[in-house]
Structures are given as structure tokens and as C-alpha cells.
Amino acid sequence: MLLVKVFTDPNGFIVVHVRNLLEIEGVSAELRNEYAAGATGELAYVDVWPELWVEDWLQDRASALIKAMNSDKLAGVWCCCTCREENEPAFDFCWKCGEDRSDW
Ligand SMILES: [Zn+2]
């Protein structure tokens, strides 16, 4: 099965978020380089971005969904610097550990 890359971002939490939203819409995406950031240090975080890949026949649908997300649901998603949990834009404090969103 041919896979094509449809999304990448230096923020792994956004990439995971996009994958989750795609799967809600019935588009199964493969996450690559998921652990590159944490496993190999900060340089790798810049050099190797997490990527989402889908089967080629899903590419158009995935791209349309991602485009809609970028202007809507992704705006303001932030990750907690303390526990690295992803948070929705509406939250001023991490839902998991209570840290405020200082660095975002
Ligand atoms: Zn937290």
C-alpha cells in the first residue's frame, strides 16, 4: 500500500492531535518520528519532525480535513511544559497537572 505524507509539524503534540482528529473522521494515519524528539535530544527535535502518513487514496480527504483544522481546531492548542500534556485552547491551566500556559 502506497503511503503519502500529509502533515508535519515540529510540535509533536499538534501532530498527534491532527492524527486523532483524522481518525475521528475515519482517516487512519500513520505517525512517524513520534519519539525522535525525546529519544535523541534537542537537535533532533529540530531536524526530525513528527510526520503523518496516509494511504494515497485518502490523501485528498486528509488534506481537506487538515486544512479545516489549521484554521479552526488547531489554533491555540498548547502543550504543558511541565507534564507535556496537550491542552485545548480554552484552558489557561493544564488539565492534567494544573500548570499555567506560561510559555505558549
Ligand atoms: Zn501539565
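Before you click anything, keep one cut-off in mind: four donors count as tetrahedral if all the angles between them lie between 85 and 135 degrees. You'll want that at the metal stop. Also remember that this is a predicted model.

**Stop 1: the whole chain**

You'll pass 4 helices and 5 strands, in the order β-α-β-α-α-β-α-β-β. Of the 104 residues, 36% are buried. If you draw contacts between residues at least 6 apart in sequence, 53% of them join residues at least 24 apart.

**Stop 2: the zinc ion**

Select the zinc ion and show the side chains of Cys80, Cys83, Cys94 and Cys97. Their SG atoms are the protein donors, 2.2 to 2.4 Å from the metal. What arrangement do the 4 donor atoms make around the zinc ion? They subtend angles of 102 to 115 degrees, and because that range falls inside the cut-off above, the arrangement is tetrahedral. Along the sequence, the donor residues follow the spacing C-x2-C-x10-C-x2-C.

Now colour two of these cysteines by accessibility. Is Cys80 buried or exposed? Cys80 is buried, at 1% relative accessible area. Cys83 has 27% relative accessibility, so it counts as partly exposed.

**Stop 3: residues 78–97**

In the model, the stretch is 0% helix and 20% strand, and its end C-alpha atoms sit 14 Å apart.

While you're here, click Arg84, in the loop between strand 4 (78–79) and strand 5 (86–87). Check its backbone: phi is near 65 degrees, a positive value in a residue other than glycine.

**Stop 4**

Zoom in on Val6 and bring up what surrounds it. Beyond its neighbours within four places in sequence, Val6 is in contact with Leu52, Val54, Gln59, Ala62, Ser63 and Ile66.

**Stop 4: Val15**

Move along to helix 1 and pick Val15. With a relative accessible area of 0%, Val15 is buried. What does Val15 touch, not counting residues up to four places away in sequence? Show Phe7, Thr8, Asp9, Leu31, Pro50, Glu51 and Leu52, and you have the list. For a distance check, draw a line between the C-alpha atoms of Val15 and Glu51: they are 36 residues apart along the chain but separated by 7.0 Å.

**Stop 5: Met69**

Finish on helix 4, where you'll find Met69. Is Met69 buried or exposed? Met69 is buried, with a relative accessible area of 5%.

Technical notes:
Residues numbered from 1 in each chain as written. Predicted model: local features only at pLDDT ≥ 70, side-chain atom pairs only at ≥ 80, totals over all residues. Heavy atoms only, no water. Contact = heavy atoms within 4.5 Å. Donors = N, O, S within 2.8 Å, 3.2 Å for Na, K, Ca; no water. Tetrahedral: all angles 85-135°; square planar, octahedral: opposite > 155°, others 65-115°. Buried < 20%, exposed > 50% of the residue type's maximum accessible area, 1.4 Å probe, protein only. Helix = DSSP H or I, 4+ residues; strand = E, 2+ residues; numbered from the N terminus.
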